[in-house]
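Biologist: Could you walk me through this structure slowly, as I am still new to reading these?
Modeller: Gladly, let me put it up and then we can go through it piece by piece.

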Amino acid sequence: MTLFRLDASILPATSASRELGDLVEAEWLAAHPTSTVVRRDIAADPVPATAWRDAVTAGFTPVEQHSDGQRSALALRQQLADELIDGDALLFTVPLYNYGVSQHVKTWFDLAYTDPRIDPQGTALRGKRATLVTVLGGNYEPGSPKEGWDHSTGWLRRVFEDVWGLDLTVVHRPFTLVGVNPALDAFTETAAELRANAEQAAVSAGRTLAASRTA
């Protein structure tokens, strides 16, 4: 049994997304104590920005003419796709950065997506159980002053659910910068409630993830 876990926070020591991911992982390991957790930290070890270009152009270049960059990109592409395909369940922890998708996540997705097993016609991931943990420093919910500024969560759901066909559960925690940014001090109680709700949701998601597979 294997759980594949991807982390994207650039601040692992204080990461709210990783903290919630740990709760999900703990429930998985409680149910499958002998399973393996395969980890990919794309903040600590980012996918090269040129890899997607090299993988795409390799498809239009005779194999014997592939550059070193193209060969490296194709090898990394296969590794990324293998991790997703070989995982019995998937866990992604992805914070919102600058109102959009983390560059590390986008670069990772773009390269993996060039693998024909998980491209638009590929079916290798369809129906696989996955949990997405996403955290936001502010609050972008309906009715908030910055409603609609979260351009990450919707995109992640689209590519994981609609493109890859994953059976996705989302754990969502806003207001992680309350207690860090003094301008948000007025929302301390709200943030504490949202944190507690997210932690409960993470535990529940972990149990659901674990129950989707039998040892």
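**Contacts, salt bridges and pockets**

Modeller: Let me start with Arg40, which touches Phe4, Arg5, Leu6, Asp7, Asp45, Gln79, Leu80, Glu83 and Trp108, leaving aside residues up to four places away in sequence. Please keep in mind throughout that this is a predicted model.

Biologist: Which strand does Arg40 lie in, and is Arg40 buried or exposed?
Modeller: Arg40 lies in strand β2, and Arg40 is buried, because its relative accessible area is 9% and the cut-off for buried is under 20%.

Biologist: OK, switching to helix α1, how many residues does it have?
Modeller: Helix α1 has 16 residues, covering residues 16-31, and from its first C-alpha to its last it reaches 24 Å, which is close to the 22 Å expected at 1.5 Å a residue.

Biologist: And which residues of α1 are buried?
Modeller: The buried residues of α1 are Ala16, Ser17, Arg18, Leu20, Gly21, Val24, Glu25, Glu27 and Trp28.

Biologist: How many salt bridges does a search of the whole structure find?
Modeller: The search finds 18 salt bridges, and a few of them involve α1, so let me take those in turn.

Biologist: What about Glu19, which residue is its salt-bridge partner?
Modeller: The partner of Glu19 is Arg195, with the closest N and O atoms 3.0 Å apart. This pair links distant parts of the chain, since Glu19 is in helix α1 and Arg195 is in helix α6, 176 residues apart. Glu19 is partly exposed, with a relative accessible area of 33%, and Arg195 also counts as partly exposed, at 33%.

Biologist: And where do Arg39 and Glu25 lie?
Modeller: The side chains of Arg39 and Glu25 meet in a salt bridge at 2.7 Å, N to O. Arg39 lies in strand β2 and Glu25 in helix α1, so the pair ties together parts that are 14 residues apart in sequence. Arg39 counts as partly exposed at 49% relative accessibility, while Glu25 is buried at 9%. Salt bridges that share partners also join Arg5, Asp7, Asp22, Glu25 and Arg39 into one network.

Biologist: New topic, what volume does the largest pocket have?
Modeller: The largest pocket has a volume of about 400 Å³. It is lined by 20 residues, and the closest to its centre are Pro95, Tyr97, Gly137, Thr176 and Leu177. By class, this lining has 12 nonpolar, eight polar and no charged residues.

Biologist: And how many residues line the second largest pocket?
Modeller: The second largest pocket, which holds about 210 Å³ of space, is lined by 13 residues, with Gly138, Asn139, Lys146, Phe175 and Leu184 nearest its centre. Its lining divides into seven nonpolar residues, five polar and one charged.

Definitions and conventions: Residues numbered from 1 in each chain as written. Predicted model: local features only at pLDDT ≥ 70, side-chain atom pairs only at ≥ 80, totals over all residues. Heavy atoms only, no water. Helix = DSSP H or I, 4+ residues; strand = E, 2+ residues; numbered from the N terminus. Expected span 1.5 Å × (residues − 1). Buried < 20%, exposed > 50% of the residue type's maximum accessible area, 1.4 Å probe, protein only. 1 Å grid on protein atoms, 1.4 Å probe; cavity = no way out; pocket = protein on both sides within 12 Å on 5 of 7 lines; lining within 4 Å. Points joined across faces, edges and corners; volume = space filled by probe spheres on them. Nonpolar A, V, L, I, M, F, W, Y, C, P; charged D, E, K, R; others polar. Salt bridge = Lys/Arg side-chain N within 4 Å of Asp/Glu carboxyl O. Contact = heavy atoms within 4.5 Å.
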